[in-house]
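Please review the model below.

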Amino acid sequence: MKFINLTRRTEIGANSYYIEIGGHRLVLDCGMHPKNVGEDALPNFKAIADRQLDAILISHSHQDHIGTLPVLMRRQPDARVFMTETTAEIGNALLHNSVNVMTRQREEIGPAAAGLYPLFTHRETDRAADFWHSCPMRQRITISGERATERDTDALTFEFFDAGHVLGSAGILLRAEGRTVFYTGDVNFDDQTIMSAAIFPEEKIDILIMESTRGDHAKAANWTRAVEERRLAGAIDGAFQRGACVLIPVFALGKTQEVLAMLYQFRREKLLSDFPIYIGGLSSKMTEIYDRRAHVSRRRLPRLQLMEEVAPFVLNGQTIRAAPARSGRIYALSSGMMVPKTLSNIFARRIIGNPRSSIFFVGYADPQSPAGILRDAQPDAEVTLDPDEPAQRVRCHIEQFQFSAHASREALIAYAKKLSPKKIVLVHGDPPAVEWMRAKLRLDLPNCEIIVPMPGVEIDL
């Protein structure tokens, strides 16, 4: 069994992993780096350029896991592509939005972007989506796309397990020649406001490929989601009492819908009175998919229709510039990392110097992203949120809340100990997170080989 980490560095970026198993060659996920441009935004596909893939398996539709799928399909035209039905619907919408973003970036960069952007087109995205195979959860599928039978004992099969991260997200169990490999993708073992906790296999696993996102953050001993929700409701009420508006940077997929559901509950429980809520255009498209699939997905609040019952106003790249930052309003805007030129970045630059305004962070932010820089900034410090704009002093109120859609490091360690696999491959984490996980697992599972794969280097599993 062979494995190559196609992610260019030990980080959370263009996540992608090559694996040879049962005589077949697969790629698990193919993301786009949120900060890099051109070829640097891709996984290291050159490392497998001389190998013909049999299949591409997608765990979920966040940009850092599906964002370069049309590129890989162009380079590997004979590879079959598998994902859950919901991931296919969301991924199609997200990739089309990505084309729009890349087209805008090409215009902003100018002649230097010639040949770089867009990495793929709307037409190519439509053609690619026509070849995707949608698969149900908890069903063994052969690499040819057929439902596995008892005769497929030694043949390579895969099975999707609900990962509890975002709608449609899945862990992927591979079986071949008596060996088992489980890739967690992005996972959450706790219930969120909408998403229910992951249901993962507990059978014997030989090799566990596990995410490490929160490896450098300990879970507070007294933390519960209910207490954290009350703290957020109180912080919003306090901001409104002093005449402030609140910006919540969110990912369009997942975090937007979780925040909208929390705000719905705050209103219903009369923790807050009615107030206007603003979201972005892509967030509204993702929310509509959540609403359409409310009764056919495993989720909490299955009857809640967010667009109808929360009724957010929708802003876009044009209307955001004319929309005033009014008190008593919540702006749940993407991107969660506050990438330059996105709605959350534009709005943050508008309110960052106002002591009455508030910015609440509710999930993961790369420390080097504008969101990470602002979150960690000291009061009255100067920060640059957009390299094309001047630095600004931080005078607004900033607060961090813990509503991550990723499993805590404690939950990840507990799952690994329950499986007690022969080998664990740690991926999807910044170096401090990965190193903490490696040290802890070596201590708790001394008979298990813990591997942190070097990017681009083939290893035997």
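Is T86 buried or exposed? T86 is buried, at a relative accessible area of 13%. Buried means under 20% relative accessible area, exposed over 50%, and partly exposed in between (1.4 Å probe, protein chains only). T86 sits in helix 3 (residues 85–109). Beyond its neighbours within four places in sequence, T86 is in contact (heavy atoms within 4.5 Å) with L167, G168 and R293.

## Basis of the model

This model is predicted: local features need pLDDT of at least 70, side-chain atom pairs count only at pLDDT 80 or more, and totals for chains, interfaces and linings use all residues. Residues are numbered from 1 along each chain as its sequence is written, and side-chain values use heavy atoms, with hydrogens and water left out.

Helices (H or I, at least four residues) and strands (E, at least two) are DSSP runs, numbered from the N terminus.

Seven strands form an open sheet in the order 7-8-9-10-11-20-21, with mixed pairing. Strand 7 (141–142) and strand 21 (449–451) are at the edges with a single partner strand each, so one side of each has no neighbour in the sheet. Pairing requires at least two DSSP bridges between two strands.

Strand 9 (residues 170–176) and strand 10 (residues 179–183) run antiparallel, joined by 5 bridges. Here I172 stands opposite Y183 of strand 10.

## Helices

Helix 12 (residues 409–419) lies across strand 10, strand 11 (207–211) and strand 20 (423–427). Its angle to strand 11 is about 175°. Angles run from 0 to 180 degrees between N-to-C directions; axes are lines fitted to C-alpha atoms, for helices over the stretch in contact. Helix 13 (residues 431–444) lies across strand 11, strand 20 and strand 21, at about 165° to strand 20.

Helix 10 (residues 343–351) has 8 of its 9 residues buried, so the rest of the structure largely encloses it. Among them are L343, F347 and I351.
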